[in-house]
Amino acid sequence: MENGFIILFGLSMLYLAATSRFIAHIRLLIVQGVLLFLICACHFTGHNLLNIAFLTIETLVVKSIIIPIFLYKVLKKTKANRDVAANIPHFYCLVIASLILLAGFLIPNYFNDASTMKMISPFYFGVSLATIIISLWLITIKHKIISNVIEFIVMENGIFLLSLSVAKEMPVLVNMGVLLDVFIAIYILGLFVNEINKEFNDLEVSHLSDLKDYEE
């Protein structure tokens, strides 16, 4: 069951690469948050209440509710709909993302040593690494700022999954630090997107080169 949820999480990255609609990307964040909760619920059964409470808040409340609602409000203010100006057509994005994800699925085959298996969960590691790579790659080819914000959050989801691959216990302090960084980054990026939208007619990344300090 746990591996099934991880596979679904990895396949969600193909949907991210294949679609250009921002509202679909936000819904994908909700799905990934729920999947992360289910993965952790399977992985950390029998742990203390602190871990379970933090797990629920970080995945279901923050990743599946708070962040998507915030992004949806930004989307309504900016009136952005989709990112159709990527450097690579979405079909080729899907093909490349599929190859990266396939490599992530094949990584566990190279971790057959018993001592290694005790220290790291290869399946977690492979899918999370593929998620991070796909997110970084999509950031480089997309032109809309809000696309980059969403892919940044997806990359953080991959980092969260990666943290599960290297420990048998929930790294509460590490994840609290990551969560705080995400909150600050999303808040700043939301304000940033709104200000850019006031100055320009769209949210093309290329407009960032036109920004400069104000001189009286």
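What follows is a conversation about helix packing and selected residues in a predicted model.

Biologist: What pattern does the chain follow along the sequence?

Modeller: The pattern reads α-α-α-α-α-α-α-α. The chain has eight helices and zero strands. Of its 216 residues, 47% count as buried. Among contacts with a separation of 6 or more, residues 24 or more positions apart account for 79%.

Biologist: Why is α1 called roughly antiparallel to α4?

Modeller: The axes of helix α1 (residues 2-18) and helix α4 (residues 90-106) cross at roughly 160° and come within 8 Å. Angles over 145 degrees count as roughly antiparallel, so α1 is roughly antiparallel to α4. The crossing is right-handed.

Biologist: Which residues make the contact of α1 and α4?

Modeller: From α1 come Ile7, Gly10, Leu11, Leu14, Ala17 and Ala18, and from α4 come His90, Cys93, Leu94, Ala97, Ser98, Leu101 and Phe105.

Biologist: What makes α1 roughly parallel to α6?

Modeller: Helix α6 (residues 122-141) packs against α1 at an angle of about 10°, and the two axes are 10 Å apart. The limit for roughly parallel is under 35 degrees, and therefore α1 is roughly parallel to α6.

Biologist: Which residues in α1 meet which residues in α6?

Modeller: On the α1 side they are Glu2, Asn3, Ile6, Ile7, Phe9, Gly10, Met13, Leu16 and Ala17. On the α6 side they are Phe123, Tyr124, Val127, Thr131, Ile134, Ser135 and Leu138. The contact of α1 with α6 divides into eleven nonpolar, four polar and one charged.

Biologist: How do you know that α4 and α6 are roughly antiparallel to each other?

Modeller: Their axes cross at roughly 155° and come within 7 Å. The cut-off is over 145 degrees, so α4 and α6 are roughly antiparallel to each other. This crossing is right-handed.

Biologist: Which residues of α4 and α6 meet?

Modeller: Cys93, Ile96, Ala97, Ile100, Leu101, Gly104 and Phe105 in α4 meet Phe123, Gly126, Val127, Ala130, Ile133, Ile134, Trp137 and Ile141 in α6. The contact of α4 with α6 holds 13 nonpolar, two polar and no charged residues.

Biologist: Ile7 is in helix α1. Why is Ile7 called partly exposed?

Modeller: Its relative accessible area is 34%. Buried needs under 20% and exposed needs over 50%, with partly exposed in between, so Ile7 is partly exposed. Leaving aside neighbours within four places in sequence, Ile7 is in contact with Phe105 and Phe123.

Biologist: How far apart are Ile7 and Tyr124 in sequence and in space?

Modeller: They are 117 residues apart in sequence and 9.6 Å apart in space, C-alpha to C-alpha.

Biologist: Lys63 lies in helix α3 (residues 49-78). How do you know that Lys63 is buried?

Modeller: Lys63 has a relative accessible area of 6%. Buried means under 20%, and therefore Lys63 is buried.

Biologist: What joins the side chains of Lys63 and Asn157?

Modeller: A polar contact of 3.0 Å joins them. The cut-off for such a pair of N or O atoms is within 3.5 Å. Apart from neighbours within four places in sequence, Lys63 is in contact with Leu29, Gly33, Leu36, Glu58, Pro68, Glu156, Asn157 and Phe160.

Biologist: Phe70 also lies in helix α3. What makes Phe70 count as partly exposed?

Modeller: Its relative accessibility is 27%.

Biologist: Glu151 is found in helix α7 (residues 145-165). Why does Glu151 count as buried?

Modeller: The relative accessibility of Glu151 is 0%. With the limit for buried at under 20%, Glu151 therefore counts as buried.

Biologist: Which residues is Glu151 in contact with, leaving aside its neighbours within four places in sequence?

Modeller: They are Leu16, Ser135, Leu138, Ile139 and Lys142. For Glu151 and Ser135, 16 residues apart along the chain, the C-alpha atoms are separated by 5.4 Å.

Note on methods
Residues numbered from 1 in each chain as written. Predicted model: local features only at pLDDT ≥ 70, side-chain atom pairs only at ≥ 80, totals over all residues. Heavy atoms only, no water. Axes fitted to C-alpha atoms, helices over the stretch in contact; angles between N-to-C directions. Helix = DSSP H or I, 4+ residues; strand = E, 2+ residues; numbered from the N terminus. Parallel < 35°, antiparallel > 145°, perpendicular 65-115°, else oblique. Left-handed = near helix turned anticlockwise from the far one by under 90°. Contact = heavy atoms within 4.5 Å. Buried < 20%, exposed > 50% of the residue type's maximum accessible area, 1.4 Å probe, protein only. Polar contact = N/O pair within 3.5 Å; in protein donor to acceptor, adjacent residues only side chain to side chain. Nonpolar A, V, L, I, M, F, W, Y, C, P; charged D, E, K, R; others polar.
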